[in-house]
Amino acid sequence: GDDRVVAITAAMREGTGLKNYSREFPDRFFDVGICEQHAVTFAAGLAREGYKPFVAIYSTFLQRGFDQLIHDVALQELPVRFVIDRAGVVGRDGPTHHGTFDISYMRMIPGMVLMAPADEEEMRRMIYNLYDIDDRPSAVRFPRGEVRGVEITDIREGLEFGKGKILKKGADVSIIAAG
């Protein structure tokens with residue numbers, strides 16, 4: 001693995017799926033507690049020094065770090081990678097955890113690359129996209145829960161940007177979805 005990769009979370013090690021990573025790479029895992037602003041600025045500092053920070057954080061809680069996203073990451077064109085969990089309506093976690101604003105606030109950030117997978121295979125490949133982006137901030141947003149059912153390939157590269165896929169052709173109506 002790449003020793004420059006570090007994972008940062010704000011008191012959500014288990015919720016964001018970083019439990020195994022934290023055990024396997026304890027020197028490259030940072031839980032900053034319930035301090036999302038610090039998580040973002042800390043990641044910016046690490047990116048500035050040549051690390052590849054991945055900030056795993058719930059969508060609704062990333063809102064707390066919005067100012068840092070703009071000033072400390074985007075305006076510096078730093079390659080901080082955001083793995084945004086709990087995007088959309090999250091059901092039993094309740095309204096304080098609904099990640100309903102992340103598309104709006106992430107799209108307005110200068111230079112931000114924002115991705116939304118349609119399934120677990122796209123999610124896996126978008127993590128490769130995040131890894132490869134070294135000149136600007138990037139993010140992948142995904143909903144709570146697990147999905148099963150698509151074939152997982154052994155392709156070890158990201159997806160082509162700006163390309164969608166047609167799931168079903170019709171004649172009367174177009175339905176367009178992100179993720």
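Let me begin with helix H2, residues 36-48: its 13 residues reach 19 Å from the first C-alpha to the last, close to the 18 Å expected at 1.5 Å a residue; the expected span is 1.5 Å times one less than the number of residues. This is a predicted model, in which local features need pLDDT of at least 70 and side-chain atom pairs pLDDT 80 or more, while totals for chains, interfaces and linings use all residues. Residues are numbered from 1 along each chain as its sequence is written, and side-chain values use heavy atoms, without hydrogens and water. Helices (H or I, at least four residues) and strands (E, at least two) are DSSP runs, numbered from the N terminus.

Which residues of H2 are buried? They are Glu36, Ala39, Val40, Ala43, Ala44, Leu46 and Ala47, where buried means under 20% relative accessible area with a 1.4 Å probe, protein chains only. Seen down the axis of H2, these residues fall within an arc of 165 degrees, so they line one face of the helix; the arc is taken from the directions from the helix axis to the C-beta atoms. After H2 comes Gly50, with a positive phi near 95 degrees.

I turn now to the sheet. Six strands form an open, parallel sheet in the order E2-E1-E3-E4-E6-E5; two strands pair if DSSP finds at least two bridges between them. Strand E2 (29-31) and strand E5 (113-115) stand at the edges, each with a single partner strand, so one side of each has no neighbour in the sheet. Strand E4 (residues 81-85) pairs with strand E6 (residues 138-141) in the parallel sense over four bridges, and Arg81 has Ser138 in E6 as its bridge partner.

Notes. Buried < 20%, exposed > 50% of the residue type's maximum accessible area, 1.4 Å probe, protein only.
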